[in-house]
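Biologist: I'd like to learn how to read a protein model. Could you take me through one?

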Amino acid sequence: MSPDSDRSPIPVKILISGGFGAGKTTAIAALSDIPPLTTEGAMTTAALAVDDRGGAEGKTTTTVALDFGRVTIDESIVLYMFGTPGQDRFGFMWNDLADGALGGLVLVDTARLKDCFVAIDYFERIGLPFVVAVNQFDGRENLALAEVRVATDVDAHVPVVAVDARSRESMKALVLTLLDVLLQRARSWEAASAH
Amino acid sequence: MVTDPPDDEEPLARPYLAHDLGRPSSGPPDGADSAPEHDVRPYLVTAGRTASVTPLALEALVRITSRGRDAQVAYEAAEILHFCRRPQSVAEVSAHLGRPVAVTRVLVGDLVAANLLTIEASATRDVADDPAFIERLMLGVAGL
């Protein structure tokens, strides 16, 4: 047992996904108590990155940067946000990242809409609640949210919302949207098990 | 670089639909625990080991034990113990050390096995089933 009298907080985790350049690190920075930290998530071999950002093809590395941030919710809960590598080549890391996660935020850059498919697909497959958030970059022509919903073909209960990943208030609202999805789920399960 | 990147093209749509979970055909062959990387210096500090003796989630909080406070250890182990005087996640330890997650897990796992560190808590999805807990989270986020 720990010799310290104070108890450790309960860690909770959400994933922040999206394609390369969709604003994951910006989103983490907007909420985190600490400057986003980066570590190398690649395990041992052959994590080969080919970034799909125009002109950057061919850039390779054997490791993948894993960004994360921490938010102290109250005296007994700390929220960790992990930015998941956007490329499907890093799929082997996702189970590790998703284990124990409450839900996911899928950031969408409408200029590269297809980059978010990997994340949406993964979250659907493992049954992790998620929200699709269209990042509103400055001066970008954005697809309407309805168009993004059609293109991503997510279930009707999955929120598709706009976000400014640079804005703390906007990110707070986004996390609350995800938590509301979780709350509805938890309540419906509670109601179902009461019968 | 040890190997060349695959030259297949980025899939056009929903590639995971076609593959088993977490094992895309274009991905590396589950390299996490196999094939020792001979080109990666960080594994020198783990004596070449790539698997932790203890399962450790990235967000698992670890903290020094009383035994750990008295322990005489060197280098990375000392650095980790010092850093974990307060509960720290494995991910934070990794960032602090500047070592990859896999390396950090091995090092932290050793310290846990030696009872110099203790795992205080890991994230669990169980709390997602508790409406009261989610409401508490929402209150906390709204008040940030």
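Biologist: How many disulfides does a search of the whole structure find over all chains?

Modeller: A disulfide is a pair of cysteine sulfur atoms within 2.5 Å. Here the search finds zero. This is a predicted model, where local features need pLDDT of at least 70 and side-chain atom pairs count only at pLDDT 80 or more, while totals for chains, interfaces and linings use all residues. Residues are numbered from 1 along each chain as its sequence is written, chains are lettered from A in the order in which they are written, and side-chain values use heavy atoms, leaving out hydrogens and water.

Biologist: Is A:C116 buried or exposed?

Modeller: Buried means under 20% relative accessible area, exposed over 50%, and partly exposed in between, using a 1.4 Å probe and protein chains only. A:C116 is buried at 1%, and B:C84 is buried at 0%.

Biologist: Which residues of α5(A) are buried, and what do they pack against?

Modeller: Among the buried ones are A:L174, A:L178 and A:A186. By contact (heavy atoms within 4.5 Å), the buried residues pack against elements including β1 (10-18) and α1 (24-31) of chain A, and α5 (131-142) of chain B.

Note on methods. Helices (H or I, at least four residues) and strands (E, at least two) are DSSP runs, numbered from the N terminus.
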